[in-house]
Amino acid sequence: MAEEKKYKKPIPRIDEENRPFWEACARHELYVQKCRSCGKVFFYARAFCPDDLSPALDWVKCSGKGKVYTFTVTQQNQSAGFRENLPYIMAYIELDEGVRMLTNIVECKPEDVKIGMPVEVTFEDATPEISIPLFRPAR
Amino acid sequence: MSIKGKTAVAGVYEHPLRWAPHKTQYQIMAESARGALEDAGLSIKNVDGLFTSGVSGMGIVSLAEHLNLNPDFLDSNSIGGSSFVSHTAHAAAAIAAGYCNVALILYGSKWSSDRFAIGTGGASGGDPSEQFENCYGPTTVGDYALTAQRHMYEFGTTSEQLAEIAVTMRKHASMNPYAKFRDPITVEDVITSRVVSSPLHLLDCCMISDGGGAVVVTSAERARDLKKKPVNILGAAEACYHTSAGVRDLTNAAAKQSGPKALERAGVTHKDVNMAMIYDSFTITVLVTLESLGFCKKGEGGSFVQNGRIGLGGALPINTDGGGLSSNHPGMRGIFLVIEATKQLRGECGERQVKNCNLAMVHGTGGTLGLRHSGASLVLGV
């Protein structure tokens with residue numbers, strides 16, 4: 001009998017554009033990108049700069065620190081992986097590098113999360129290839 | 001080239017059902033088509049432009065087949081709930097350009113009886129951005145909640161102010177015999193209803209119903225000879241806002257880009273508008289849309305919606321049918337925005353009629369304010 005799958009949430013699909021991002025996450029490192037020609041820093045991962053379409057990009061390793069830009073405590077989600085873990089905190093984090101990313105805040109009581117709260121990245125290993133960047137209150 | 005005044009809404013029909021397990025989706029569309037064409041005094045044989053959304057990828061061809069139509073112009077632009085507002089504008093442009101003469105815009109859905117959890121189901125898609133989002137449990141309610149929370153933080157907007165919107169929509173619904181929820185509610189009822197995704201409560205959220213509707217658009221010249229008073233299409237514009245590579249201000253909606261353009265194209269200003277149909281997927285949608293359209297300053301939406309301003313008899317009555325919060329929301333409700341605005345401009349709304357209603361603004365939001373959405377603005381007048 002097959003063992004019940006432990007990780008039930010949707011697993012990001014690695015593609016030709018986002019592969020380096022997810023490979024870094026598997027090493028528990030968070031990266032954003034910077035355009036070599038215009039200097040634009042952006043998220044999420046692409047094969048080109050979303051300001052000037054230049055393919056010349058650098059990967060910038062993040063400090064892993066940021067602040068909560070906004071959040072919601074979700075009490076109802078009927079899909080697998082979430083309905084077993086209600087309530088959960090979904091948030092946009094403004095990274096120190098200046099861009100915002102969606103995430104979950106963990107190791108934090110729902111009533112304790114506040115906009116502006118300093119947070120730091122942590123990773124949840126979903127599969128051998130995929131680790132999900134999450135954030136927790138900065139220590 | 002301007003489309004101003006070249007075309008008109010000649011017929012509308014809102015399907016009366018909110019629960020239709022005994023009908024098919026395409027049947028709801030056909031019944032709506034019959035209603036709107038009768039309203040206009042036209043026949044299905046006159047239709048040479050077909051518009052729909054909420055069907056499968058090539059569903060518009062199946063819809064043409066179901067109705068045994070061979071239209072000269074097809075458009076199934078699918079940008080969420082605003083699609084049908086967009087279709088109305090596209091129909092006007094197509095007719096003005098001579099691509100078709102009688103455009104039929106259709107919507108039908110059974111999302112309630114099919115038990116489709118549109119607001120609180122998980123997201124699973126193949127788009128590039130979704131690979132960075134779906135693992136975090138975004139729901140439709142949660143995505144809008146992200147905007148609501150930030151708006152409260154930046155501008156001091158309160159749950160009571162958002163609740164005022166739900167209370168007003170319910171009051172309007174009490175005057176609409178077809179509305180699903182007609183019993184009055186109070187601000188207290190809204191803020192004590194359970195939290196679905198903070199800070200949004202159950203009564204901050206639109207319902208899920210079945211339903212559908214149809215709109216017929218034709219040239220202004222032809223509309224003059226038809227059964228009902230023509231409602232002129234004066235201006236329109238579209239936009240989409242998304243995550244902007246990681247720097248978008250979540251408290252703005254695409255309405256900020258499309259609204260002022262639509263008004264300018266119509267040659268009117270905010271103070272000329274007698275009533276507005278604003279997509280009310282959630283209370284926060286209305287508040288942010290009003291600010292983004294420019295009916296009040298950014299951050300002032302909370303006080304703008306208080307003291308009866310957006311109710312019947314107020315300075316800017318909104319969603320006189322009761323909106324998605326209280327009348328119907330079969331997954332997408334853009335078509336009902338156009339239908340109710342048309343009925344108001346014709347003076348057909350009885351108890352809920354806005355007095356001296358000559359100019360209406362319609363704005364549909366499709367998708368979510370917190371992640372990505374489309375906006376479609378339309379100015380209609382008589």
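Colleague: In which sense do strand E8 (residues 231-241) of chain B and strand E11 (residues 373-381) of chain B pair, and over how many bridges?

Modeller: A word on the source comes before the answer. This is a predicted model, in which local features need pLDDT of at least 70 and side-chain atom pairs count only at pLDDT 80 or more, while totals for chains, interfaces and linings use all residues. Residues are numbered from 1 along each chain as its sequence is written, and chains are lettered from A and ligands numbered from 1 in the order in which they are written. As to the general idea, strands of a sheet pair through backbone hydrogen bonds, either parallel or antiparallel. Two strands pair here if DSSP finds at least two bridges between them, and helices (H or I, at least four residues) and strands (E, at least two) are DSSP runs, numbered from the N terminus. E8(B) and E11(B) pair in the antiparallel sense, over nine bridges.

Colleague: Which residues of E11(B) are the bridge partners of B:Asn232 and B:Ala239?

Modeller: B:Asn232 is bridged to B:Gly381, and B:Ala239 has B:Gly375 as its partner. E8(B) also runs antiparallel to E1(B), with three bridges joining the two; there B:Thr7 stands opposite B:Ile233.

Colleague: How many residues of E8(B) are buried?

Modeller: A residue is buried if 20 or more other C-beta atoms lie within 10 Å of its own, exposed if 12 or fewer, and partly exposed in between, with C-beta atoms placed from the backbone. In E8(B), 10 of the 11 residues are buried, so the strand is largely enclosed by the rest of the structure.

Colleague: What is the strand order of the sheet of nine strands in chain B, and which are its edge strands?

Modeller: The sheet is open, its pairing is mixed, and the order is E3-E2-E4-E7-E1-E8-E11-E10-E9. Strand E3 (73-75) and strand E9 (275-278) of chain B form the edges, each pairing on one side only. From one strand to the next, the twist averages 25°; such angles run from 0 to 180 degrees between N-to-C directions, and axes are lines fitted to C-alpha atoms, for helices over the stretch in contact.

Colleague: What span should helix H3 (residues 83-96) of chain B have?

Modeller: The expected span of a helix is 1.5 Å times one less than its number of residues. For the 14 residues of H3(B) that should be 20 Å, and the end C-alpha atoms are 20 Å apart, which agrees. H3(B) is mostly covered, with 12 of its 14 residues buried, among them B:Phe84, B:His87 and B:Ile95. Just after the helix, B:Gly98 takes a positive phi of about 85°.

Colleague: At what angle do the axes of H3(B) and helix H12 (residues 334-346) of chain B cross?

Modeller: They cross at roughly 60° and come within 5 Å. Angles under 35 degrees count as roughly parallel, over 145 as roughly antiparallel, 65 to 115 as roughly perpendicular and the rest as oblique; H3(B) and H12(B) are therefore oblique to each other. B:Ser83, B:Phe84, B:Val85 and B:Thr88 of H3(B) make the contact with B:Gly334, B:Ile335, B:Leu337 and B:Val338 of H12(B).

Colleague: How many helices and strands does chain A have?

Modeller: Chain A has one helix and eight strands, in the pattern α-β-β-β-β-β-β-β-β along the sequence. Of its 139 residues, 37% count as buried. One open sheet has three strands in the order E2-E1-E3, with antiparallel pairing. Strand E2 (41-42) and strand E3 (57-61) of chain A stand at its edges with a single partner strand each, so one side of each is left without a neighbour in the sheet.

Colleague: How many residues does each chain bring to the contact between them?

Modeller: Chain B brings 31 residues and chain A brings 34 residues. On the side of chain B, H4(B) gives the most, with six residues.

Notes: Contact = placed C-beta atoms within 7 Å.
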